[in-house]
Amino acid sequence: MFKQAPLPFVGQKRMFLKHFEEVLNANIKNDGEGWTIIDTFGGSGLLSHVAKQLKPKARVIYNDFDGYAERLSHIDDINALRAQLYAVVGNATQKNKRLTKDCKAECIKIIQNFKGYIDLNSLASWLLFSGQQVATLDDLFQNDFWHCVRQSDYPKADGYLDGLEITHESFHTLLPKFSSDPKALFVLDPPYLCTRQESYKQATYFDLIDFLRLINITRPPYVFFSSTKSEFVRFIEYMVEDKVDNWEAFYNSERIVVKASASYSGKYEDNMVYKFKA
């Protein structure tokens with residue numbers, strides 16, 4: 001079982017894997033036969049992968065809205081570009097230090113001349129300050145470059161997506177298909193509100209209106225991920241207190257908190273809110 005996503009992805013839930021596994025095993029018995037697990041905002045596919053490994057007879061739907069499976073199919077090209085960049089940066093700059101203008105210019109030239117698949121997420125993780133994300137190559141080139149390039153290739157992702165049903169669909173149409181099935185688990189890890197979303201393939205595909213729509217169609221059983229960087233926990237507390245709209249879905253839900261930190265934004269909390277019985 002993979003314990004982290006094979007390629008870089010901001011927001012992968014590796015810090016929650018132990019808790020996610022415990023919640024699945026406590027509430028979905030044996031091999032998961034008869035269950036459908038819908039990874040609605042599939043991201044890196046890590047939660048889908050773990051769910052399928054733990055519950056091999058469950059139907060696991062990986063909603064790959066960000067094109068991660070396509071990235072995985074190009075690991076050879078990603079590694080080839082990494083090697084070219086490391087050859088320039090590795091001995092020229094200390095690890096985690098800013099590149100000189102000449103070194104940055106050479107890196108840009110390598111990227112522009114590369115004939116294979118260019119993975120913007122990997123480039124951002126190699127060349128930008130910790131956690132920074134960009135939407136285009138032009139955006140990337142506008143930033144200072146830092147030496148965060150991996151020394152080694154990414155391993156092959158053999159077996160990572162095995163057994164998953166991969167779809168590319170809006171939650172608006174995906175979730176209602178399963179809303180009346182008590183054995184359909186909604187795994188919900190949407191982009192956090194009030195944060196920059198350049199890491200997502202469609203940076204504006206989840207806004208406040210989408211958040212409210214998602215809240216209103218959420219029902220047990222679900223596992224909902226969020227963070228104190230957004231207003232999710234405060235919002236559901238308000239819903240339950242004032243009995244607003246779909247408040248029953250979040251009444252008596254349980255929450256697991258993981259402390260996190262980022263060098264560019266300080267400390268925060270990641271949350272896993274879940275409920276299996278109505």
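Threonine 36 stands opposite alanine 184 in strand β4. This is a predicted model. The pairing runs between β1 (residues 36–39) and β4 (residues 184–188), in the parallel sense, over four bridges.

**Strand β1 and its partners**

β1 also pairs with β2, again in the parallel sense and over four bridges. Here isoleucine 37 has valine 60 of β2 as its bridge partner.

| Partner of β1 | Residues | Sense | Bridges |
|---|---|---|---|
| β2 | 59–63 | parallel | four |
| β4 | 184–188 | parallel | four |

Are the side chains of β1 buried or exposed? Thr36 and Ile38 point one way, Ile37 and Asp39 the other way, and all are buried.

**Helix α5**

α5 covers residues 101–113. At 1.5 Å a residue, its 13 residues should span 18 Å, and the end C-alpha atoms are 18 Å apart, so the two values agree.

Which residues of α5 are buried? They are Cys103, Lys104, Cys107, Ile108, Ile110 and Ile111. These residues cover an arc of only 160° around the axis, which puts them on the same side of α5. The helix geometry explains such patterns. An α-helix has 3.6 residues a turn, so residues three or four places apart point the same way.

What covers the buried residues of α5? The cover includes α4 (75–89), α6 (120–127) and α7 (137–142). The face turned away from the buried side carries Lys101, Asp102, Lys109 and Gln112, which are exposed.

Note on methods. Residues are numbered from 1 along each chain as its sequence is written. This is a predicted model: local features need pLDDT of at least 70, side-chain atom pairs count only at pLDDT 80 or more; totals for chains, interfaces and linings use all residues. Side-chain values use heavy atoms; hydrogens and water are left out. Helices (H or I, at least four residues) and strands (E, at least two) are DSSP runs, numbered from the N terminus. The expected span of a helix is 1.5 Å times one less than its number of residues. Buried means under 20% relative accessible area, exposed over 50%, partly exposed in between (1.4 Å probe, protein chains only). The arc is that of the directions from the helix axis to the C-beta atoms. Contact means heavy atoms within 4.5 Å. Two strands pair if DSSP finds at least two bridges between them.
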